[in-house]
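This report describes the fold of one chain and the contacts that it makes with its partner. The sequence and structure are shown first.

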Amino acid sequence: MPAIQIQNLHKIYLGDPPVHALEGIDLTVNDGELVALLGPSGCGKSTLLNLIASFENASSGELLVHGESHDAPGPDRGVVFQEAALFPWLNVWENVIFGPKTKGLAASEYEDKANEMLKIVGLSDFKKHLPVQLSGGMRQRVGIARILTLGSRVLLMDEPFGALDAQTRLSMQELLLSVWQQLKPTIIFVTHDIDEAIFLADNIYVMSARPGRIAEKIVVPLPRPRTITDTTTEAFNQLKREILLQIRH
Amino acid sequence: MKRLKFFLYGITVPIIVLIIWQFAGNLSNMAGVLPTPVAVIKGWEGWIFGEVGLGLNAYSGTWLSNVQYSTMRVFQGFSLAAILAVPLGLLIGWSRLIAQFLDPFIQSLRPIPITAWLPFSIALFGISDMGSIFLIFLGGFYAIVVNATQGARDVDRNLIRAALMMGASRAQLLRRVVFPAALPNIFTGLRIGLGISWTAVIVSEMVAVKSGLGYVLWDAYYVGRMDIVLADMVSIGLMGFITDRLIVSIERFTLKWRFLQNH
């Protein structure tokens, strides 16, 4: 069963005039696949992510996650937000265990996992820090650790590295790839950065704006595991040229 | 060195005012209206520590108990206001349905000044503590409820979404996200509300009870003890200042994350 099945999905914002944010979206994402939604601002890529997360409801069409349709957000679909959206009054550790604690689990049931996930994202030494005491990249690491601790099988990432400086962004991309290699979650990654999409994704869905549509699916043939040096190869640049031409016209 | 400099700057104007006041108080046409600072301090000293004499001074040694009366009333009325207004404000800000039921009611009562409630409150509670506490409650209530409502309305949408995504129920959302996120606004409301509560206690004690700083203030005016009137005014200001600082230090402790953010 695919992780995500979307058929003929529409999202219209009522108003004068009504805005057709998404029109006839068809998308299938397999379990453990890393997919990038690439497009300019206003193409509805974040809206699509919000629909999968059930932050908003679709106007029509079918949207199944692991074969089920949802009408409310839930821990099976973990979201990493653009600005991390950590609770500023909780420290790193408290943020990471917010999900299982809210669920009413005993500490013994989640502490090992939370520790492991903090180790994976490299924040074991920062448990007591408050979000304001962390850099932007570190906050996103907490955001990732918290949904991994939650046990989400589908990770929805909404331009999570968009606000970071170029170097931090690169190391976060490498981190995400290593997390994905280790745990193999299904990831839908929203971005407007072509390099980021190519470096991370198995498949890139290029979206066009007004109305938001999936214009093209591009398969990324680069072998895994990928490293930074892959971003300078001829195959990488060839793909980038193709996508640029695709977006231009 | 810098601190000393700022301290000297800060006390310059008060000292000049005190000197002018001392001279003005000695003018003959000011007699009975404006006692000198020295006279005020002497009167205050007697009010606090008691005076040796024939026992004709009604205020002798009563300062502390009157401060206690007023502070206790503020504490009771203000606590009641906080206990009711914080959850109510959060609910109004959080739920459109509750807002539709309660907001028009609160907003239509809010423009009535607490002083206008005085006769009604005396009629209802008589000359008793309850009348005073009722006014103090009312004074604190509106400021807290309005700010808590605003705080709950302003919660970052993505924090709500993050909590829902992690499986929080609506009750958990209110307690674990909306409440802490609204705390900065709540503290603003508490500070404003406390200031109004002090106004309310003085006004109500002038009319509705026979003890406390407000009662002494009005009583001393009637018998021409302007030194006590002025000492009383300074006492009220002092108590307002101290209780405000108390809330600020609780705020600094509770909202550590926010003060780190601003530095």
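## Secondary structure and overall form

Chain B contains 11 helices and 0 strands, where helices (H or I, at least four residues) and strands (E, at least two) are DSSP runs numbered from the N terminus. Along the sequence, the pattern is α-α-α-α-α-α-α-α-α-α-α. Chain B is more spread out than a compact globule, because its radius of gyration is 23 Å, well over the 18 Å that the globule rule gives for 263 residues. This radius is taken over C-alpha atoms, and the rule is 2.2 Å times the number of residues to the power 0.38.

Taken along the principal axes, the C-alpha atoms of chain B fill a box of roughly 75 × 60 × 30 Å.

## Basis and confidence of the model

This is a predicted model, in which local features need pLDDT of at least 70, side-chain atom pairs count only at pLDDT 80 or more, and totals for chains, interfaces and linings use all residues. Residues are numbered from 1 along each chain as its sequence is written, while chains are lettered from A and ligands numbered from 1 in the order in which they are written.

The average pLDDT (the predictor's confidence in each residue, from 0 to 100) of chain B is 93, and 97% of the residues score at least 70. The model has an ipTM of 0.94 and a pTM of 0.89.

## Contacts between the chains

In the model, 22 residues of chain A are in contact with 15 residues of chain B; contact requires C-beta atoms, placed from the backbone, to lie within 7 Å. On the side of chain A that touches chain B, β5 (77-80) and α3 (98-102) of chain A each supply at least two residues.

Definitions and conventions
Two residues are in contact if their C-beta atoms, placed from the backbone, lie within 7 Å.
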